[in-house]
Amino acid sequence: MLSKEVQLEVNKGAMLPLMEEFYTIQGEGFHTGTAAYFIRIGGCDVGCHWCDVKESWNAELHPPTGIEQIVTNATKYSETVVITGGEPLMWDMSLLTQKLKENNRKVHIETSGAYPLTGTWDWICLSPKKNKLPTETVYDNAHELKVIIYNKHDFIFAEEQAEKVNPNAILFLQPEWSKKEEMTPLIVDYVMNNPKWRVSLQTHKYLNIP
Ligand SMILES: C[S@@+](CC[C@H](N)C(=O)[O-])C[C@H]1O[C@@H](n2cnc3c(N)ncnc32)[C@H](O)[C@@H]1O
Ligand SMILES: Nc1nc2[nH]cc(C(=O)O)c2c(=O)[nH]1
Ligand code: SF4
Ligand SMILES: [Mg+2]
């Protein structure tokens, strides 16, 4: 149990359950191959059975950390900061992103969109999930749509999501890691037949970096 004071700070987004931070190369999506400092915030209730960071789900396992400390660490490393999780939009992202912008960072988010959008973002990567569909605010503001392909039905889901996202969003299909041998060839064919889509791979996993 958090003390009342800490809980109040978390509620307003002045403290956040920090799981890990690391400087690496963005492995996925539009900004693949570019250096970025990742901040992983704990807590997610979406429950994707193939999630590659299940350790993030229980927010209580990750210590509430002041955003000043998070920003101080981040600004030592990189012009670009990626906020991920867990599901970062479970928390109020306004103060954290405001502070990062005051420090002249480019601020990106990786989100399922399952909660309403908070914060000021230079880039929003929406990766929608069937279990808990995105909110309108995230569909309307996403810069990229990155749909995970675990089975053939996911191509239908991807087209449904492309209908809902704003028309400027760049569209990506990314194989679920454990099914990549089976799904990557299907994605390649799909993109050649439907060139509004692009392929996204989890390149950091091939590079053996975080
Ligand atoms: C771990 S999630 C955290 C951010 C947010 N909860 C979300 O799902 O967008 C970061 C990205 O990894 C993707 N991802 C998670 N597990 C994956 C897996 N096994 N294979 C491929 N992509 C995966 C998610 O879809 C998302 O785009
Ligand atoms: N290198 C690297 N790129 C990533 N892009 C999105 C990631 C995430 O987990 O949100 C991720 C990650 O965990 N590592
Ligand atoms: S929404 Fe993101 S963090 Fe949550 S279970 Fe799904 S992939 Fe994992
Ligand atoms: Mg990851």
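Ala, Val, Leu, Ile, Met, Phe, Trp, Tyr, Cys and Pro count as nonpolar, Asp, Glu, Lys and Arg as charged, and the others, Gly among them, as polar. These classes sort the shells around the ligands in the views below.

**Figure 1**
The C-alpha trace spans about 55 × 30 × 30 Å along its principal axes. Of the 210 residues, 40% are buried. Take the contacts with a separation of 6 or more: 63% of them join residues 24 or more positions apart. This is a predicted model. Its mean pLDDT is 98, and 100% of the residues reach 70 or more. The scores are ipTM 0.99 and pTM 0.99.

**Figure 2. The shell around ligand 1.**
Here 18 residues surround ligand 1. The closest are Asp-52, Glu-110, Ser-112, Ser-127 and Trp-177. Strands β4, β5 (106–111) and β7 each supply at least two residues of this shell. Sorted by class, the shell has six nonpolar, seven polar and five charged residues.

**Figure 3. Gly-86 and Ser-127, two positions with a binding-site annotation.**
An unreviewed UniProt entry gives the annotation "binding site" to Trp-50, Cys-51, Asp-52, Gly-86, Ser-127, Pro-128 and Lys-129. Find Gly-86 in the loop between β4 (80–85) and α3 (94–102). Gly-86 is buried, because 30 other C-beta atoms lie within 10 Å. The cut-off for a buried residue is 20 or more. Not counting residues up to four places away in sequence, Gly-86 touches Met-19, Arg-40, Ile-41, Gly-42, Gly-43, Cys-44 and Ser-56.
Now move to Ser-127, in the loop between β6 (123–126) and α4 (136–141). Ser-127 has 22 C-beta neighbours inside 10 Å, so Ser-127 counts as buried too. Leaving out residues up to four places away in sequence, its contacts are Glu-110, Ser-112, Lys-146, Val-147 and Ile-148.

**Figure 4. The shell around ligand 2.**
Around ligand 2 sit Thr-24, Ile-25, Gln-26, Gly-27, Glu-28, Phe-38, Thr-84, Glu-110, His-204 and Pro-210. By class, this shell has three nonpolar, five polar and two charged residues. The "binding site" annotation in the unreviewed UniProt entry covers Ile-25, Gln-26, Gly-27, Arg-40, Thr-84 and Pro-210.

**Figure 5. Thr-84 and Pro-210, two residues around ligand 2.**
Thr-84 belongs to strand β4. Is Thr-84 buried or partly exposed? Thr-84 is partly exposed, because 19 other C-beta atoms lie within 10 Å, and a buried residue needs 20 or more. Beyond its neighbours within four places in sequence, Thr-84 is in contact with Phe-38, Arg-40 and Glu-110.
Pro-210 lies in the segment after α7 (203–207). Pro-210 has 13 C-beta neighbours inside 10 Å, so Pro-210 counts as partly exposed. Not counting residues up to four places away in sequence, Pro-210 touches Phe-22, Thr-24 and His-204. Thr-24 and His-204 are themselves in the shell around ligand 2.

**Figure 6. Helix α3 and what covers it.**
Which residues of α3 are buried? They are Leu-95, Leu-96, Thr-97 and Leu-100. Their cover includes β1 (15–25), α2 (67–75), β4 and β5. Look just past the helix for Asn-104, which takes a positive phi of about 60°.

**Figure 7. Ile-149 in strand β7.**
Strand β7 covers residues 144–149, and Ile-149 is part of it. Ile-149 is buried, because 23 other C-beta atoms lie within 10 Å. Not counting residues up to four places away in sequence, Ile-149 touches Asp-154, Phe-155, Leu-173, Gln-174, Pro-175, Glu-176, Met-183 and Ile-187. Lys-179 is 30 residues from Ile-149 along the chain, and their C-alpha atoms are separated by 8.4 Å.

Methods
Residues numbered from 1 in each chain as written. Chains lettered and ligands numbered in written order. Predicted model: local features only at pLDDT ≥ 70, side-chain atom pairs only at ≥ 80, totals over all residues. Near = placed C-beta within 6 Å. Buried ≥ 20, exposed ≤ 12 C-beta atoms within 10 Å, placed from the backbone. Contact = placed C-beta atoms within 7 Å. pLDDT = per-residue confidence, 0-100. Helix = DSSP H or I, 4+ residues; strand = E, 2+ residues; numbered from the N terminus. UniProt positions renumbered as here; feature names shortened; annotations may be inferred.
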